[in-house]
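Open the model in your viewer and keep the selection tool at hand. The tour goes from one selection to the next.

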Amino acid sequence: MGSSIALRDPELIAKFAQQGLSAAGGTPADFQHTIATDLKNWTETARAANITAQ
Amino acid sequence: MNDVVARLVAPYLERSLGQPFIVDNRPVASGIVGTDATAKAPPDGYTLLMVASSFTVVPATNPKLPYDPERDLGPIIMVAKNSLLFLVNPKVPANSLAEFVTLAKANPGKLNYASPGAATQTHLVVELFSQKAGIKLQHIPYRGGAPAMTAMVAGDTQFTAISRCCRCRRSRPARYARSRAEASAAMRSCPISLPSRNKAFPASRQSNGSAC
């Protein structure tokens, strides 16, 4: 996949570093798992703190 | 940040995919507008979405979104990671997260923090931090990250948490202080989400990621 190839480019990695970022990566399945986990965690946090969008 | 990252990545995607990329920045409503436009675009592979962590924060506090983040969009790849910085006003008598937690436990509800607004990432991150640490903090929402940072530097609030390192680094001397030395005196940082030192704040201390 072109996106993972692009993220391995040392020039892009250096540009990320200049912005205080680090290149990530992984598979679509990895990313889907991260999204699902974050959605669950943030929903639980918001519910516990009674936070809703205004 | 999304716009910055998208414009950094676009030339490399063009090179590896052999297709031109046009970055269409739609920054309003915590990314809801841009995300919805992508969710409703023809599913032909020619419209991609670059999102930040707000992609998962927004649904947690807004059940009436015009899209379903898991059903209407397909994940491709996590592009980059950004450290989260916990910034305190130097007048706060705490030099580490541990000291800050001790201070907060001794003063429940008296320490306040600035966020770019209610239900934003900063708001949820600090609430999660509070829940894990067993402390009670007062939330003061502002209209955006710059006013929140200004309030913390001015001492109107005791601390804030930010993740937009590049924007903060670029704007810090101009917006928050007149020099690097003055900026150092105006805020103190404790990185809490990454184990390595952040290049945007080279003088910041490291954390092992288990600060709570």
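Two strands count as paired if DSSP finds at least two bridges between them. Helices (H or I, at least four residues) and strands (E, at least two) are DSSP runs, numbered from the N terminus. This is a predicted model: local features need pLDDT of at least 70 and side-chain atom pairs count only at pLDDT 80 or more, while totals for chains, interfaces and linings use all residues. Residues are numbered from 1 along each chain as its sequence is written, with chains lettered from A and ligands numbered from 1 in the order in which they are written.

**Stop 1: strand S5 of chain B**

Select residues 159-162 of chain B, which form S5(B). Strand S2 (residues 85-88) of chain B pairs with S5(B) in the antiparallel sense, over four bridges. Find Leu85(B): its bridge partner in S5(B) is Ile162(B). Strand S3 (residues 112-115) of chain B pairs with S5(B) in the parallel sense, over two bridges. Here Tyr113(B) has Phe159(B) as its bridge partner.

Now show side chains. In a regular strand they alternate between the two faces of the sheet. Phe159(B) and Ala161(B) point one way from S5(B), Thr160(B) and Ile162(B) the other way, and all are buried. A residue is buried if 20 or more other C-beta atoms lie within 10 Å of its own, exposed if 12 or fewer, and partly exposed in between, with C-beta atoms placed from the backbone.

**Stop 2: the whole of chain B**

Zoom out to chain B. Count eight helices and six strands. From the N terminus, the order is α-α-α-β-β-α-β-α-β-α-β-α-α-β. Of its 212 residues, 36% are buried.

Colour by domain next. Chain B has domain 1 (2-61) and domain 2 (85-191); such bounds come from an automatic or database domain assignment. Six residues of domain 1 of chain B are in contact with four residues of domain 2 of chain B. Contact means that the C-beta atoms of two residues, placed from the backbone, lie within 7 Å. On the domain 1 side, H3(B) gives the most, with four residues.

**Stop 3: helix H3 of chain B**

Select residues 54-61 of chain B. Eight of the eight residues of H3(B) are buried, so this helix is largely enclosed by the rest of the structure. Among them are Phe55(B), Val57(B) and Pro59(B). What covers them? Show helix H2 (32-39) and helix H5 (121-133) of chain B, then helix H3 (28-49) of chain A; the cover includes these three.

**Stop 4: chain A**

Select chain A. It has three helices and one strand, in the pattern α-α-β-α. Its C-alpha atoms fill a box of roughly 45 × 25 × 15 Å along the principal axes. The radius of gyration of chain A is 16 Å, whereas a compact globule of 54 residues would have one near 10 Å. That radius is taken over C-alpha atoms, and the globule rule is 2.2 Å times the number of residues to the power 0.38. In chain A, 24% of the 54 residues count as buried.

**Stop 5: where the chains meet**

Which strands join the two chains? Strand S1 (residues 21-25) of chain A and S1(B) run antiparallel, joined by four bridges. Pick Ser22(A), which stands opposite Lys81(B) in S1(B).
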